[in-house]
Amino acid sequence: MKIGIDIDGVILDYERVLKTYGDLYDFIELKKDGIINRNEHYLRNRYDWTEEERMNFVNKYFLKLSKQTSLIPGAKDVINMLQKEGNEFIIISARGGMIEEMKDIAIEKFNEENLSFNKYYWKQDDKLEIAQKEQIDFMIDDSYDVCKRLSTNGIKTIYFRDKEMKKLEQNKCLKEVSNWGEIYRIIKNESR
């Protein structure tokens, strides 16, 4: 089976770290209470920041936080088990699009953790095109918008949803999970 996989919020716990420091930046540095949508995945839609404030946060924190982000519990074990069972993993990530070095940090982390993948697609805003090109059997992502678009277009999608994120209606092409044990169960049940 070919499994497409996002990095941030799926393999690396970057999204939770980003929200934590986003809230601190907003409250302490900007002296605001600027959360306009707690359920929003993207910084630009989560806070009432100006473009300058957002870019200051990006430039000050993105690389620093990326370096200190750890793996999501269970990610390494489940990926290794599924690979040993013959499944391919293809990274399809927007990482590296805004700050090129973020791609390198992810590769370093994967090397440190002895994780490898069959292919890598970096700087991908349109994951549907790659998923179709690669004939992905499942895509694992934590973005509401990405999961909605993929599943609506017939790609079986696993929505790794943080409790604050918007819900999507589950159907034959969309399953929602909150941990890697659930991902393993869904993929194994599909391959039976």
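**Reading strands, rings and cysteines in a predicted model**

Author: Strand S4 (residues 138-141) and strand S5 (residues 157-160) run parallel and are joined by three bridges. Helices (H or I, at least four residues) and strands (E, at least two) are DSSP runs, numbered from the N terminus. This is a predicted model, in which local features need pLDDT of at least 70 and side-chain atom pairs count only at pLDDT 80 or more, while totals for chains, interfaces and linings use all residues. Residues are numbered from 1 along each chain as its sequence is written, and side-chain values use heavy atoms, with hydrogens and water left out.

Reader: Which residue in S5 is the bridge partner of Ile140?

Author: Ile158 is the partner. Two strands count as paired if DSSP finds at least two bridges between them.

Reader: What is the order of the strands in the open sheet?

Author: The six strands are ordered S3-S2-S1-S4-S5-S6, and the pairing is parallel. Strand S3 (119-121) and strand S6 (174-177) are the edges, each pairing on one side only. From one strand to the next, the twist averages 20°. Axes here are lines fitted to C-alpha atoms, for helices over the stretch in contact, and angles run from 0 to 180 degrees between N-to-C directions.

Reader: Which strands does helix H8 touch?

Author: Contact means heavy atoms within 4.5 Å. Helix H8 (residues 180-190) packs on the sheet and touches strand S1 (2-5), S4, S5 and S6, with its direction at about 170° to that of S4. Helix H7 (residues 144-152) lies across S4, S5 and S6 and runs at about 165° to S5.

Reader: How many aromatic pairs does the structure hold?

Author: A pair of aromatic rings is described by the distance of the centres and the angle of the planes. Rings of Phe, Tyr and Trp (its six-membered ring) pair if their centres lie within 6.5 Å; planes under 30 degrees apart count as stacked, over 60 as edge-to-face and the rest as tilted. The structure holds 14 such pairs. One of them is Tyr25 with Phe57, tilted, at 5.1 Å centre to centre and 50° between the planes. Tyr25 is in helix H1 (residues 14-29) and Phe57 in helix H3 (residues 51-68), so the pair links parts of the chain 32 residues apart. The rings of Tyr25 and Tyr61 have centres 6.2 Å apart and planes at 75°, so this pair is edge-to-face. Tyr61 also lies in helix H3, so this pair ties together parts 36 residues apart in sequence.

Reader: Are Tyr25 and Tyr61 buried or exposed?

Author: Buried means under 20% relative accessible area, exposed over 50%, partly exposed in between (1.4 Å probe, protein chains only). Both Tyr25 and Tyr61 are buried; the value for Tyr25 is 4%. Phe57 is buried at 0%. One aromatic cluster is formed by Tyr14, Tyr21, Tyr25, Tyr47, Trp49, Phe57, Tyr61 and Phe62.

Reader: Which charged end sits over the ring of Tyr14?

Author: That of Arg95, 5.3 Å from the ring centre. A charge sits over a ring if NZ of Lys or CZ of Arg is within 6 Å of the ring centre and within 35 degrees of the ring normal. Lys166 lies over the face of Tyr144, at 4.4 Å from the ring centre.

Reader: How many disulfides does the structure hold?

Author: A disulfide is a covalent bond between the sulfur atoms of two cysteines. The cut-off is a pair of cysteine sulfur atoms within 2.5 Å. The structure holds zero. The sulfur of Cys147 has its closest cysteine sulfur in Cys173, 12 Å away, which is too far for a bond. Cys147 is buried at 0% relative accessibility, and Cys173 is buried at 12%.
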